[in-house]
Amino acid sequence: MCARRVLRAGLGGHTLQGPLTRRRKLERLFTDPMPQRVEPCLALLTSKSPTGRDWSYEIKWDGYRLALHIEPGERVRIITRGGHDWTSRFPIIAHDALELGVNSAILDGEAVIVDERGASDFGALQKALGGLGGKRTTSQAILYAFDLLYLNGHDIRALACEERRGILEDILGGSPHNSIHLSEDINADGPAFLRLACEMGLEGIIAKRRSAPYRSGRGGEWLKIKCVQSESFVIIGYEPSVAAPGGVGRILVAAREDGQLVYVGSVSTGFTDASATALREQMDQLIIEKPAVNMTGRSKAYRWIKPELVAEIEFRAWTDDGELRHGSFKGLRESADEASVYDLPDQ
């Protein structure tokens with residue numbers, strides 16, 4: 001049984017939250033120019049799930065954020081969060097977009113590959129695309145669409161989230177498509193949904209304010225609540241090892257503080273032979289003589305690299321001296337995904 005069905009069953013049989021309002025009569029509006037690109041709305045990280053009738057909840061998917069543009073004349077563009085055109089890398093999604101029966105639209109969603117539980121597997125998606133900087137295409141990816149920004153000549157970002165959601169359900173609910181699915185809105189209590197997601201080993205949940213319009217940036221209308229902390233850090237060096245996978249004993253990572261890189265610890269788990277070998281090949285092309293951050297008193301056995309590779313690191317907590325606790329390597333983030341190094345909060 002897939003993760004979404006198990007979640008609903010575990011919440012006492014709650015069904016999906018249907019659209020609370022009917023589709024507005026968009027034909028009364030003037031035709032709006034179709035944006036070439038829309039900066040995405042980003043979820044703000046918080047430690048607790050919000051509660052109340054104005055909040056809806058979804059599974060947090062871990063993949064590549066994509067905007068699916070369906071343009072007049074049966075043209076499709078798939079744009080990454082960083083503004084790169086990846087249409088050719090997701091040919092099945094591009095093909096299925098033309099089967100949605102719309103003249104023009106912009107769908108916001110996340111491309112993922114799911115495992116046997118129905119949970120997203122970021123490493124599998126990266127591997128299918130050829131790794132960091134790879135140029136492969138994949139037919140395995142599913143686009144979980146969770147918002148609709150534009151439809152048939154009308155910019156609908158000013159509508160409330162629940163209204164946009166209702167229109168998206170109308171488009172995707174009638175005829176299922178192999179590669180384009182609706183990211184389900186779970187009608188549940190937020191904290192209970194989060195607990196169940198964590199028990200199932202999922203990454204976390206997303207909470208969205210039903211009444212909010214679509215706003216680019218991280219304004220707080222969308223919140224992400226994670227079961228395990230995961231952030232992006234820049235790799236500044238590594239420790240060679242003849243015994244570890246790929247010859248990488250550990251990587252050294254840094255975050256930003258007041259615009260400067262600051263060492264925040266080392267990571268020695270999460271690697272496979274393939275991922276560690278590929279990572280070392282990339283790191284060895286960036287070798288420098290001195291570390292990019294202050295590493296006074298650290299081992300001279302480390303090899304230092306230019307701070308250009310951004311790694312997604314899962315970790316349990318921070319130590320008292322400001323280092324990651326139980327860090328695990330998940331993969332490298334692409335510039336196309338607008339990889340950004342974690343900013344340490346003000347103390």
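A: Searching the whole structure turns up 1 disulfide, where a disulfide is a pair of cysteine sulfur atoms within 2.5 Å. Before going on, a word on the ground rules: this is a predicted model, with local features needing pLDDT of at least 70 and side-chain atom pairs counted only at pLDDT 80 or more, while totals for chains, interfaces and linings use all residues. Residues are numbered from 1 along each chain as its sequence is written, and side-chain values use heavy atoms, with hydrogens and water left out.

The bonded pair is Cys198 and Cys227, with 2.1 Å from S to S. The torsion about their S-S bond is about -90°, so this disulfide is left-handed. It ties together distant parts of the chain, 29 residues apart: Cys198 sits in helix α5 (residues 190-199), and Cys227 in the loop between β10 (222-226) and β11 (229-240). Helices (H or I, at least four residues) and strands (E, at least two) are DSSP runs numbered from the N terminus. As for accessibility, buried means under 20% relative accessible area, exposed over 50%, and partly exposed in between, using a 1.4 Å probe and protein chains only. By that scale Cys198 is partly exposed at 32%, and Cys227 is partly exposed too, at 25%.

Cys41 is in no disulfide, and its nearest cysteine sulfur, in Cys161, is 8.5 Å away. Seen from the other end, the closest cysteine sulfur to that of Cys161 is in Cys41, and 8.5 Å is too far for a bond. Cys41 counts as buried, with 2% relative accessibility, and Cys161 is buried at 7%.

Back to α5, the helix that carries Cys198. Its buried residues are Gly190, Phe193, Leu194, Leu196 and Ala197. They span an arc of only 165° around the axis, which puts them on the same side of α5; the arc is that of the directions from the helix axis to the C-beta atoms. On the face turned away from the buried side you'll find the exposed residues Arg195 and Glu199. The N-terminal end of α5 is capped by Asp189, which has a side-chain oxygen 3.1 Å from the backbone nitrogen of Ala192. Just past the helix, Gly201 has a positive phi of about 80°.

On the Cys227 side, the loop leads on to β11, and β11 runs antiparallel to β12, with 6 bridges joining them. Two strands count as paired if DSSP finds at least two bridges between them. Glu239 has Arg250 of β12 as its bridge partner. Strand β12 (residues 248-257) has 7 of its 10 residues buried, so the rest of the structure largely encloses it. β12 also pairs with strand β13 (residues 260-267), again in the antiparallel sense, over 7 bridges. Within that pairing, Leu252 stands opposite Ser266 in β13. The two strands make a hairpin with 2 residues between them, and Asp258 in the turn takes a positive phi of about 55°.

How values were computed:
A polar contact is a pair of N or O atoms within 3.5 Å; within protein, one must be able to donate a hydrogen and the other to accept it, and residues adjacent in sequence count only if both atoms are side-chain atoms.
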